[in-house]
Amino acid sequence: MLYGEKRVEKPIRWAMVGGGLGSQIGYIHRSAALRDFSFELVAGAFDILPERGKEFGKNLHVAEDRCYPDYKTMFCEEAKREDGIQAVSIATPNGTHYEITKAALEAGLHVVCEKPLCFTIEQAEELAYLAKKQKKVVGITYGYAGHQMIEEARQLIKAGKLGDIRIVMLQFAHGFHNVAVEKNTASTKWRVNPKAAGPSYVLGDVGTHPLYLSEVMLPDMKIKRLMCSRQSFVKSREPLEDNAMTLMEYDNGAIGYVWSSCVNCGSMHGQKVRIIGEKASLEWWDERPNQLTYEVQGEPVRILERGMGYLSETALAEDRIGGGHPEGLFEAWSNLYGRFAIAMEAMDKGEKVDFWYPNVDDGVQGVRWGENCVRSADQGAVWVDYE
Ligand code: NAD
């Protein structure tokens with residue numbers, strides 16, 4: 001159980017690039033990082049518009065002289081200070097992640113980067129190499145991975161409750177972009193522009209989320225080959241897709257699919273994970289995150305509730321309120337940021353990090369999966385070996 005007590009010796013001096021006024025995801029980064037006093041927000045280059053970023057930073061109680069016009073100036077000026085930043089979160093559009101992450105690592109900073117880490121496998125591997133060379137954390141914000149019911153699913157599968165895994169059904173299929181909302185919405189506009197978004201839209205934007213959840217639950221299963229069909233139902237989005245179906249074969253003989261979509265009319269989020277084994281199945285849905293459905297063939301359905309004593313020790317370790325009250329996105333993100341902080345401190349001390357968190361290799365895997373999906377789809381939805 002977490003009581004908000006310190007998890008690292010001293011709060012990590014932390015900055016943000018992006019996440020400014022009007023951004024979609026900036027606030028959740030701050031609320032997650034600042035919740036358990038593991039981080040202290042001391043600087044930022046919050047906005048593509050320097051003046052607006054400065055005003056915003058001041059309104060977050062960041063000292064005026066540490067609200068920078070851009071990330072390059074910030075890394076350079078902060079390096080001159082004895083109390084300079086130790087870590088930075090990058091919450092900017094996708095097309096900037098590679099250059100900012102690289103610059104941050106070169107400046108000797110730990111990084112939390114939004115997904116996707118970058119556009120190509122080559123770039124991703126370069127960043128992974130650099131992170132290891134610099135002995136720095138690169139955390140990726142697959143936010144719901146921090147929810148305790150995801151850890152519970154991992155533990156149930158590890159304990160063999162499902163038996164051998166046969167089928168992995170994944171989806172993140174919302175309906176918010178069923179028409180060309182990007183014409184009037186800045187934060188959607190860049191998502192359908194390949195220069196800013198990368199080689200895919202919904203595959204990277206939403207599909208990688210449940211994919212990572214499945215990797216937390218099934219750490220030993222590897223994709224062997226896949227086949228992807230992608231569509232642009234809103235034609236102006238071509239060549240980027242607003243819907244994609246990906247079929248995957250795993251090295252243990254299991255089969256899986258990921259449905260990535262922003263045109264699933266009427267659906268709010270529709271992020272679901274269903275893992276089916278030879279004896280039982282587990283199902284989790286981000287709109288009802290406190291319940292994990294556990295179905296044993298031939299027995300009544302069990303709904304496991306968050307915060308209850310029958311959950312595994314490691315799931316309950318990140319419980320905050322006990323059963324009954326809901327926990328959700330904010331708590332899951334806070335748990336992730338807690339893991340990032342502990343990993344950063346351990347790495348600085350040269351200690352081993354012996355717990356999972358979405359790390360740079362997971363960032364590489366997200367990019368790799370997207371690239372394989374696009375390769376398959378653009379050849380006409382053919383099976384391709386997973387490279
Ligand atoms: P957004 O367009 O709403 O906001 C982007 C912010 O970055 C704005 O404040 C903008 O001014 C700022 N910005 C842009 N370029 C900048 C630069 N060079 N330097 C400094 N600031 C800059 O975008 P968003 O929806 O918040 O998405 C940002 C990132 O977060 C994307 O990579 C997206 O894929 C990711 N995202 C992740 C999740 C998640 O659940 N993990 C959810 C939403 C978005």
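Trainee: Which residue in β12 stands opposite alanine 280?

Mentor: In this predicted model, alanine 280 has valine 296 of β12 opposite it, and serine 281 has glutamate 295, likewise in β12, as its bridge partner.

Trainee: What makes β12 and β13 a pair?

Mentor: The reasoning rests again on the requirement of at least two bridges, because β12 and β13 have 4 bridges in the antiparallel sense. One of the contributing residues is leucine 292, whose bridge partner in β13 is leucine 304. The hairpin of these two strands has 5 residues between them, and there glycine 298 takes a positive phi near 85 degrees.

Trainee: Why is one side of β13 and of β14 left without a neighbour in the sheet?

Mentor: The open sheet holds 9 strands in the order β13-β12-β11-β10-β6-β9-β8-β7-β14, with mixed pairing. Since β13 (302-305) and β14 (384-385) stand at its edges, each has a single partner strand, so one side of each remains without a neighbour in the sheet. As a general point, strands of a sheet pair through backbone hydrogen bonds, either parallel or antiparallel.

Trainee: Why is the protein called as compact as a globular protein of its length?

Mentor: The protein has 12 helices and 14 strands. Its radius of gyration is 21 Å, and the globule rule gives 21 Å for 387 residues; the two values are close, so the protein is as compact as a globular protein of that length. Along the principal axes, the C-alpha trace spans about 65 × 50 × 40 Å.

Trainee: What makes a residue count as buried, and how many of the 387 residues do so?

Mentor: A residue is buried if its relative accessible area is under 20%, and 56% of the 387 residues count as buried on that basis.

Trainee: What share of the contacts with a separation of 6 or more comes from residues 24 or more positions apart?

Mentor: With contact taken as heavy atoms within 4.5 Å, residues 24 or more positions apart account for 68% of the contacts in that set.

Trainee: How many side chains are positive and how many negative?

Mentor: There are 45 positive and 54 negative side chains, and the centres of the two sets lie 1 Å apart.

Key
Residues are numbered from 1 along each chain as its sequence is written. This is a predicted model: local features need pLDDT of at least 70, side-chain atom pairs count only at pLDDT 80 or more; totals for chains, interfaces and linings use all residues. Side-chain values use heavy atoms; hydrogens and water are left out. The radius of gyration is taken over C-alpha atoms; the globule rule is 2.2 Å times the number of residues to the power 0.38. Buried means under 20% relative accessible area, exposed over 50%, partly exposed in between (1.4 Å probe, protein chains only). Lys and Arg count as positive and Asp and Glu as negative; His and the chain ends are not counted. The place of a charge is taken as NZ of Lys, CZ of Arg, CG of Asp or CD of Glu.
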